[in-house]
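The following note sets out points for a colleague to consider while inspecting the model. Please read each point alongside the sequence and coordinates.

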Amino acid sequence: MKPDNAILVDLDHVTLRFERGVVALNDVSLRIHEGERICILGANGSGKSTLASVLCGLLAPDQGGVSLLGRKVAQDGDVNYDAYEAVRRELGLVFQNPDDQIVTTVVEDDVAFGPENLGMAPEQIETRVRRELKRVAMQSFAKADPTRLSGGQKQRVAIAGALAMGPRVLVLDEPGSSLDVRGRRSIMRVMNRLHAAGTTIVHVTHFMEEALCADRVIVMDHGRIILEGEPQRVFSQGDTIRNLGLEEPFSARLASRLAQLGVPVRWTCSADDLKDQLVNLGKELVVDDLAPAGTRSRLGARDEVPASQSPHATEGRISASGVSYSYAGTNGRQAVGGASFEIAPGTSCALIGQTGSGKSTLLRLICALEKPDAGRLEVNGFDVSKRRERRMLHGQVGYVMQHPERQLFAETVWEDVAFGPTNLGLSVEEVRHRCVSALDLVGLADQESASPFDLSGGQQRLCAIAGVLAMRPRLLILDEPMAGLDPRGRQAIRSILGKIHSLGVTVVQVTHSMEDAALQQQVIVLDQGSVVAQGTPHEVFNARTGQTLHERGLGLPQPLAWAQELAASGLDLGQDPLNLSDLARAIAHQLDPAASSSPRDRGKE
């Protein structure tokens with residue numbers, strides 16, 4: 001982007017209020033030039049999505065001025081509707097929730113919807129539909145019903161629909177929040193190509209690494225722009241970033257941790273820069289191998305099933321043998337095919353797989369919301385294929401769906417949390433005891449009288465989880481519990497799940513984060529409805545499995561991927577680290593065995 005490029009978006013002291021006086025944007029001024037790539041960061045509720053809606057012409061502010069594509073569309077509450085109508089044709093938006101954007105029952109028709117409304121010729125529409133579905137790797141689903149797609153697949157359809165309109169400015173509101181590793185990489189490649197072709201891009205995200213590709217990063221808090229500048233400059237203000245509920249990119253956190261361990265590296269948020277520094281340090285030093293040839297150390301593993309649990313116990317146990325299931329109207333296409341696995345009582349388990357691999361369907365089967373077409377599935381000792389035994393599971397299995405905050409309905413947080421245990425027929429005293437405990441566990445004890453709809457997005461997620469926890473399940477099932485949350489929200493969920501697991505509850509979660517999967521005791525990998533790998537994190541994630549996982553649309557946890565890339569450059573750590581601390585210690589020990597156990601480091605452990 002050249003400094004003299006045309007200004008496509010100009011916000012001048014914009015303030016926007018919602019009902020009950022909530023200030024969503026507070027005195028925001030921002031200029032975006034043609035061809036620029038902007039990334040907007042901020043905690044849940046900071047105003048990112050509201051700003052995105054103003055930038056693409058969906059919302060007009062109460063105060064201040066807005067110019068889009070060179071036309072003044074709003075000034076101090078006076079809206080020029082004709083100007084808005086004229087510019088919206090060249091402004092594209094991809095919503096955070098694809099269900100808000102998909103309007104037809106056939107994928108290719110949905111992608112064609114926008115161009116048709118622009119009056120394009122049928123031949124041109126057909127060409128654009130094919131091109132954009134291919135860009136987002138959904139060409140094989142052109143005739144599919146969007147309502148039958150997974151959340152990630154729906155998101156890709158929504159992105160294709162926005163691209164088909166050929167916008168000059170494309171605003172994407174967390175487009176990767178529901179996507180697997182391959183899906184996010186695909187979307188980033190699409191944005192890279194669009195940016196190279198001159199499209200102006202505004203990208204809202206909670207993935208810090210994605211912000212490194214931007215020309216400019218904007219960080220918001222309580223409706224205000226707090227930080228603004230090139231990625232390196234913004235992320236160098238680490239204390240401010242963390243205080244805002246965010247985190248630095250992985251490479252920046254690793255550089256800081258290495259410096260604490262005494263490794264002489266300069267701070268950077270560039271992965272390539274940090275790897276070059278480490279490889280060069282390795283060339284200057286001669287050190288002995290950490291492990292004998294042919295062996296690799298395994299650090300930070302949580303590989304053991306809790307010893308306190310009897311192998312014959314049924315409460316919290318899941319046993320699947322040859323389980324298959326197909327949805328109606330899919331011509332027998334199996335969502336789950338021949339799945340076999342065991343999850344022992346008291347285990348923390350992650351289900352991973354690319355979008356559409358059958359993870360959510362498998363969770364519904366475990367929760368007895370669907371009945372297997374074939375095979376045997378036992379949960380807590382009950383055969384879920386039998387109606388009578390499915391009923392016995394009522395109240396024993398807690399299910400937290402994708403975006404559970406959308407299931408909130410009561411007038412107060414307390415009423416919402418109390419709904420489940422009340423329906424179990426418990427006494428008023430017991431219901432109160434459970435609600436108090438659940439709200440205290442998720443950190444919402446001071447919000448019991450509040451409306452759940454007045455909470456932030458992250459707090460709504462916690463409220464929904466509290467409602468499930470109040471039923472005291474021995475088996476907790478969660479479908480992408482951290483999707484769409486900011487770093488602080490994700491850490492809060494991790495902490496809560498850790499506390500629940502420590503009470504002996506079996507915790508099974510679907511996740512697209514390989515780092516979160518590596519924190520569990522067991523990992524099950526699904527691909528096209530089948531279980532293709534299972535075991536401890538070190539059995540699933542290691543130097544031998546990386547290529548296979550990549551081929552299945554997944555990847556390795558970042559620490560292990562870093563270790564492999566360093567080894568390929570000549571700095572072999574001799575270990576398969578699965579978290580940042582272990583990676584940092586392995587690097588420090590390889591470069592200087594004394595550094596990883598220095599007094600300064602021990603004081604920080």
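1. R216 forms a salt bridge with E36, the closest N and O atoms being 2.8 Å apart; the term denotes a side-chain nitrogen of Lys or Arg within 4 Å of a carboxyl oxygen of Asp or Glu. R216 belongs to strand 10 (residues 216–221), whereas E36 sits in the loop between strand 2 and strand 3 (37–42), so this pair ties together parts that are 180 residues apart in sequence. The structure holds 23 salt bridges.

2. On provenance, this is a predicted model, in which local features need pLDDT of at least 70 and side-chain atom pairs count only at pLDDT 80 or more, while totals for chains, interfaces and linings use all residues. Residues are numbered from 1 along each chain as its sequence is written, and side-chain values use heavy atoms, with hydrogens and water left out.

3. The domain assignment gives domain 1 (7–249), domain 2 (252–284 + 559–591) and domain 3 (318–324 + 334–547); such bounds come from an automatic or database assignment. Between domain 1 and domain 3, the C-alpha centres lie 31 Å apart.

4. Where domain 1 meets domain 3, 26 residues of domain 1 are in contact with 18 residues of domain 3 (heavy atoms within 4.5 Å). About 1,600 Å² is buried between these two domains, 42% of it from carbon and sulfur atoms; buried area is the accessible area (1.4 Å probe) that two parts lose on being put together, summed over both.

5. Which side chains form the salt bridge of R490? R490 meets E247 at 3.7 Å, N to O, and the count between domain 1 and domain 3 is one salt bridge. Seven residue pairs, both members at pLDDT 80 or more, are in polar contact across this interface (N or O atoms within 3.5 Å, one able to donate a hydrogen and the other to accept it, residues adjacent in sequence counting only if both atoms are side-chain atoms).

6. On the side of domain 1 that touches domain 3, the elements giving two or more residues are helix 5 (151–163), helix 6 (181–196) and helix 9 (238–243). Helices (H or I, at least four residues) and strands (E, at least two) are DSSP runs, numbered from the N terminus. The residues of that side divide into six nonpolar, 12 polar and eight charged, where Ala, Val, Leu, Ile, Met, Phe, Trp, Tyr, Cys and Pro count as nonpolar, Asp, Glu, Lys and Arg as charged, and the others, Gly among them, as polar.

7. Strand 1 (residues 7–17) pairs in the antiparallel sense with strand 2 (residues 23–33) over seven bridges; pairing requires at least two DSSP bridges. L16 has L25 of strand 2 as its bridge partner. Five residues lie between the strands of this hairpin, and R20 takes a positive phi near 65 degrees there. Strand 1 also pairs with strand 4 (residues 63–68), antiparallel over five bridges, with V66 as the bridge partner of L11.

8. An open, antiparallel sheet of four strands has the order 13-12-15-16. Its edge strands, strand 13 (334–343) and strand 16 (382–383), each pair on one side only. Strand 15 (residues 374–379) and strand 16 share two antiparallel bridges, and E378 stands opposite D383 in strand 16.
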